[in-house]
Amino acid sequence: MTDAPAHENPGLRCLVTGASGYIGGRLVPELLAAGHHVRCLARTPAKLRDHPWAGQVEIVRGDVTDAETLAPALRDIDVAYYLVHALGGGRDFERTDREAARTFAEQARAAGVRRIVYLGGLTPRGVPERALSPHLRSRAEVGRILLKSGIPTTVLRAAVVIGSGSASFEMLRYLTERLPVMVTPSWVRTRLQPIAVRDVLRYLVGSARMPEDVSRTFDIGGPDVLTYFDMMRRYASVAGLPRRLILPVPVLTPRLSSQWIGLVTPVPRSIARPLAESLRHEVVCDEHDIATWVPDPPGTPIPFDRALSLALKRVRDAQVATRWSSASVPGAPSDPLPTDPDWAGGSLYVDERELSVDASPQALWRVVEGIGGENGWYSFPLAWAVRGWFDRLIGGVGLRRGRRDAARLRVGDSLDFWRVEEIERGRLLRLRAEMRLPGLAWLEMYAERDESGRTRYRQRALFHPRGLAGHAYWWSVSPFHAVVFGGMARNIALTAEASEGSGRADGEPPTAPLDHTPSGAEADHGR
């Protein structure tokens, strides 16, 4: 995107909330390319530090629910982008969304912000709000709160967003690729108006310069109105798959649909359910007034098939900038790692392994940074797969989120049922568990040299139990640690030695030893 010369159209000062999420993480570089100055609000600033644009923005610590942190974050801001919501955030998510929006609106008005831009959900025509899904109803309420803030506000309402890594795209992709014959919910016959993520970003950036007297909602969508049935058929065609046989049945409720989606795709039930519920009603744009203020260049909005092609190319080229899982899972632990042996938080169980490696630290680090996803976890694949299946069964994220990039990680990346909490490039990878556990868990992997100068691999699994259930959990699984964690350490060392011997190039992901190839639950998550 290009902007006018600086002397004619100087850059605006923009605050982006939700910059660690799917849309926010892609919006930031677009705003920078348009000549704007960007400040990002993040509860954990470290999660943004490895993004390519991190050095070009100001990152401040804060939370949209905390007025004290919002006030300085909004100071001197022209345009504030509100891109946060409590999807899957528990029973009180509607109240959380409502209070966060009110706090944000009040603080934005007090700071003299000139415009708020919000991305919400497209609501069906003629359906009473009480009949909407709770999540769609909450999005609509947040839009109304921001429009009543006294600040000119742009509320963009989109249905299904198609882009590499989006939850909607991943759901469509995996359902179509994995099921040549499928029995589907009746909502596959519902008409939708999908939109390419590139168009969403273009409208978000363009909304920053709307006139002060424009404060309203805008429906945004692509040029195609399709049923989900049509979308799956067209995905199969674009992806070069055989024609799919799709058999809709009326008995699958949103709850059953979310279980079905969770079984077949990497999207967990907590996110699949609101997606499924939003598909019950027809969501088609009533107007395209946005083009009056953000004109559509030739070839836009992008047609559905073209949006699929662009997304698939990004996936196949491993150039996915952000994914639906980029944002933290609601309810995931946020406590600091208890690295101090005298940590006052209570009991701390540790499983520690250490091995000498006949390879350079660089070769060892490539294996460490390449762990997970298609490379698996280097030990007892069935045990990892069963733990992932069990996690999905009880509503967790499971093991199938895979990796954003096949070779490189950054702080905040999701990695199967872990999240990258810390990286010291070439030395340390620390992962925080996001599976359902009666406590907090971390996994640390080090590539370093010992006192004699030899390469050493060091691995620590840490668990802070919650209550009696936490202690019982640790002791019930500890007999398997020698196989799981011991085998993992040995095979990481062997893979590093083998990759050094084969002269593998930097940046090329390692492969696990043949006798430790990940099981289907790990290996079938393509990027």
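Author: The buried residues of helix H1 (residues 22-33) pack against strand S1 (13-17), strand S2 (37-42), strand S4 (79-82), strand S5 (115-121) and helix H6 (197-207). The model is predicted. Nine of the twelve residues of H1 are buried, so the helix is largely enclosed by the rest of the structure. The buried residues are Tyr 22, Ile 23, Gly 24, Gly 25, Arg 26, Leu 27, Val 28, Leu 31 and Leu 32. After H1 comes Gly 35, which has a positive phi, near 90°.

One of the elements packed against H1 is S5, and S5 leads on to strand S6 (residues 153-158). S5 and S6 run parallel and are joined by six bridges. Leu 119 stands opposite Leu 156 of S6. S6 is mostly covered, with six of its six residues buried. In a regular strand the side chains alternate between the two faces of the sheet. In S6, Thr 153, Val 155 and Arg 157 point one way, while Thr 154, Leu 156 and Ala 158 point the other way, and all are buried.

The loop between S5 and H4 contains Ser 133. At a relative accessibility of 2%, Ser 133 counts as buried, because the cut-off for that term is under 20%. Leaving aside residues up to four places away in sequence, Ser 133 touches Glu 277, Ser 278 and Arg 280.

Next is the pairing of H4 with H3. Two packed helices are described by the angle between their axes and the distance between the axes. For helix H3 (residues 93-111) and helix H4 (residues 134-147), the axes come within 9 Å and cross at roughly 15°. Angles under 35 degrees count as roughly parallel, and H3 and H4 are therefore roughly parallel to each other. The crossing of H3 past H4 is right-handed. On the H3 side the contact is made by Phe 93, Glu 94, Asp 97, Arg 98, Ala 101, Arg 102, Phe 104 and Ala 105. On the H4 side it is made by Pro 134, His 135, Arg 137, Ser 138, Arg 139, Glu 141, Val 142, Ile 145 and Leu 146. The residues of this contact divide into eight nonpolar, two polar and seven charged.

Apart from residues up to four places away in sequence, Tyr 235 touches Phe 169, Leu 172, Arg 173, Thr 176, Glu 177, Leu 241, Leu 308 and Leu 312. Thr 176 is 59 residues from Tyr 235 in sequence, and their C-alpha atoms are 7.2 Å apart.

S15 runs antiparallel to strand S16 (residues 418-424), and two bridges join them. Ser 414 has Arg 419 in S16 as its bridge partner.

Terms used: Residues numbered from 1 in each chain as written. Predicted model: local features only at pLDDT ≥ 70, side-chain atom pairs only at ≥ 80, totals over all residues. Heavy atoms only, no water. Axes fitted to C-alpha atoms, helices over the stretch in contact; angles between N-to-C directions. Helix = DSSP H or I, 4+ residues; strand = E, 2+ residues; numbered from the N terminus. Parallel < 35°, antiparallel > 145°, perpendicular 65-115°, else oblique. Left-handed = near helix turned anticlockwise from the far one by under 90°. Contact = heavy atoms within 4.5 Å. Nonpolar A, V, L, I, M, F, W, Y, C, P; charged D, E, K, R; others polar. Buried < 20%, exposed > 50% of the residue type's maximum accessible area, 1.4 Å probe, protein only. Pairing = 2+ DSSP bridges.
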